[in-house]
Amino acid sequence: MSATQDTTLNETLFDKIGGAPAVEAAVDIFYRKVLMDYRINRFFENTDMDTQRAKQKAFLTMAFGGPNNYTGTDMRNAHARFIKMGLDDSHFDAVMENLGATLEELDVPQELIAEVAAIAESTRNDVLNR
Amino acid sequence: MRSLDNAPPASAQAGLKDTLQQQNYFPACLCRPEQNMTVQMPNQQGIWIQANVVKKQWLSPDILRLVLEYETKFNFFVGQLINLKRPDGLIRSYSIANIPHHENILEFHIRRLPDGQFSTWAHDELEIGMELTISQAQGSCHYLPGRAEQPLLLAGTGSGLAPLWGIVTDALVKGHSGPIHLFHGSRDPDGLYLRDEMREMAMEFENFRYTPCLSGDTAAADYARGRAYEVALSSAQSLKGWRVYLCGHPEMVKQTRKMVYLKGASMNDIYADAFHVNPAEK
């Protein structure tokens with residue numbers, strides 16, 4: 001899971017984190033943390049677990065610097081009804097916190113966690129429809 | 001899609017549930033075929049197979065063990081679903097309760113439902129020797145060998161015992177060495193059918209444990225009190241590393257799946273089969 005000592009310069013963030021298997025390991029921990037977090041779990045009450053997990057896999061793949069087709073539109077559409085339920089920065093912060101804790105649990109080095117956090121952070125305005 | 005003969009390339013199956021990989025399913029958009037494959041769309045009805053009723057036995061007042069002998073050999077895993085078609089075309093899905101057998105035999109447990117068109121007919125009118133048509137097997141709730149030390153938790157209600165009992169048998173036959181805990185629930189003792197067989201199996205296999213659960217008012221020795229899913233969930237502090245099988249009432253399966261996951265089981269290790277009941281048509 002953690003980056004090896006002899007990382008080459010052209011290795012991508014996605015490679016350094018561990019690629020698709022890392023996403024697979026992370027999504028289980030991340031989604032569990034989200035469902036157990038009282039600050040945000042009401043937004044996930046009525047979602048189908050398989051669909052939700054697939055979406056989180058796509059999100060984590062993107063945040064890990066992996067192959068993606070992220071445009072922001074899907075993110076806006078998917079969260080529009082939650083804005084009406086009161087979704088705001090505090091909830092986005094909570095998700096970011098869970099993401100960081102997930103990566104720490106998987107022993108991802110701090111500098112890589114910071115890179116992932118920066119990519120995830122870049123979706124904030126799409127999620128909150130600003 | 002699904003390949004009916006040659007396996008798709010491993011790269012085309014990445015991230016897919018292991019039981020679906022085993023059955024040669026793959027997303028078409030990821031697949032660069034490396035050899036010829038005969039493919040089928042998921043859930044596309046393949047060929048129908050002729051089968052005859054060879055045995056009817058009541059395991060409890062409302063549970064019928066129906067044994068069919070089929071003509072054309074086909075592959076299946078115990079725990080998968082098969083559509084049974086009545087001569088007039090009415091179709092219902094039932095779980096396979098037996099492991100593949102050289103005699104081309106299939107066993108199903110059919111619970112009599114109030115106003116259940118198919119179940120009432122199967123209980124009252126279907127006779128030994130009568131012919132039914134059956135589909136090929138579908139579904140991903142079944143046992144796969146590998147990780148033989150992994151602890152297994154199985155929980156179900158009513159005729160949900162059929163696939164679970166089958167999966168336990170399959171696991172034991174294939175040499176599963178980790179602990180196997182089966183929780184079967186019913187409102188009253190009558191619904192806990194096959195309990196003598198389960199208890200005998202638990203005596204024979206050291207790693208198999210059977211817990212019958214009663215959720216109704218009857219208090220009886222030798223039974224756990226409460227719903228099978230709740231008893232199962234409270235039996236372990238953490239389910240991290242466990243493989244879990246859930247069969248029965250849809251809402252119960254859905255809730256329990258979430259609870260099992262929150263208790264630490266990986267989503268990839270949870271196999272569930274919700275028994276949907278067709279609304280009665282009058």
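In this predicted model, buried residues make up 50% of the 282 residues in chain B. The C-alpha atoms of chain B fill a box of roughly 60 × 45 × 35 Å when the principal axes are used, and the radius of gyration of chain B is 19 Å, which agrees with the value near 19 Å that a compact globule of 282 residues would have. Of the contacts in chain B with a separation of 6 or more, 67% are made by residues 24 or more positions apart. The secondary structure of chain B comprises six helices and 14 strands.

Chain B is divided into three parts, with domain 1 covering 2-40, domain 2 covering 49-134 and domain 3 covering 152-274. The C-alpha centres of domain 1 of chain B and domain 2 of chain B are 30 Å apart. An unreviewed UniProt entry gives the annotation "domain: FAD-binding FR-type" to residues 46-144 of chain B. Over residues 46-144 of chain B the chain is 8% helix and 41% strand, with 24 Å between the end C-alpha atoms.

Within strand β5 of chain B, which runs over residues 81-85, lies N83(B). Is the residue N83(B) buried or exposed? With a relative accessible area of 13%, N83(B) falls under the 20% limit and therefore counts as buried. The side chain of N83(B) is joined to that of S93(B) by a polar contact of 2.5 Å.

In chain A, the annotation "binding site" from an unreviewed UniProt entry covers H79(A). H79(A) is found in helix α4 of chain A, residues 73-84, and, leaving aside neighbours within four places in sequence, H79(A) is in contact with L87(A) and V127(A). L87(A) lies in the loop between α4 and α5 (89-105) of chain A and counts as buried because its relative accessibility is 14%. With neighbours within four places in sequence again left aside, the contacts of L87(A) are F43(A), H79(A), F82(A), V127(A) and L128(A). The C-alpha atoms of L87(A) and Q110(A) are separated by 28 Å, although these residues are 23 residues apart along the chain.

The two residues for which a relative accessibility is given can be set side by side.

| Residue | Location | Relative accessibility |
|---|---|---|
| L87(A) | loop between α4 and α5 of chain A | 14% |
| N83(B) | strand β5 of chain B | 13% |

Helix α3 of chain A, residues 49-63, has 15 residues and reaches 20 Å from its first C-alpha to its last, which is close to the 21 Å expected at 1.5 Å a residue. At the start of α3(A), a side-chain oxygen of D48(A) comes to within 3.2 Å of the backbone nitrogen of D50(A), while α3(A) is followed by G65(A), whose phi is positive, near 80 degrees.

Which residues of α3(A) are buried? They are M49(A), Q52(A), R53(A), Q56(A), F59(A), L60(A), T61(A), M62(A) and A63(A). In general, an α-helix has 3.6 residues a turn, so residues three or four places apart point the same way. The buried residues of α3(A) pack against α1 (13-17), α2 (19-36), α4, α5 and α6 (110-121) of chain A, together with α6 (250-262) of chain B.

Terms used:
Residues numbered from 1 in each chain as written. Chains lettered and ligands numbered in written order. Predicted model: local features only at pLDDT ≥ 70, side-chain atom pairs only at ≥ 80, totals over all residues. Heavy atoms only, no water. Domains from an automatic or database assignment. UniProt positions renumbered as here; feature names shortened; annotations may be inferred. Helix = DSSP H or I, 4+ residues; strand = E, 2+ residues; numbered from the N terminus. Contact = heavy atoms within 4.5 Å. Buried < 20%, exposed > 50% of the residue type's maximum accessible area, 1.4 Å probe, protein only. Expected span 1.5 Å × (residues − 1). Polar contact = N/O pair within 3.5 Å; in protein donor to acceptor, adjacent residues only side chain to side chain. Rg over C-alpha atoms; globule rule 2.2 N^0.38 Å.
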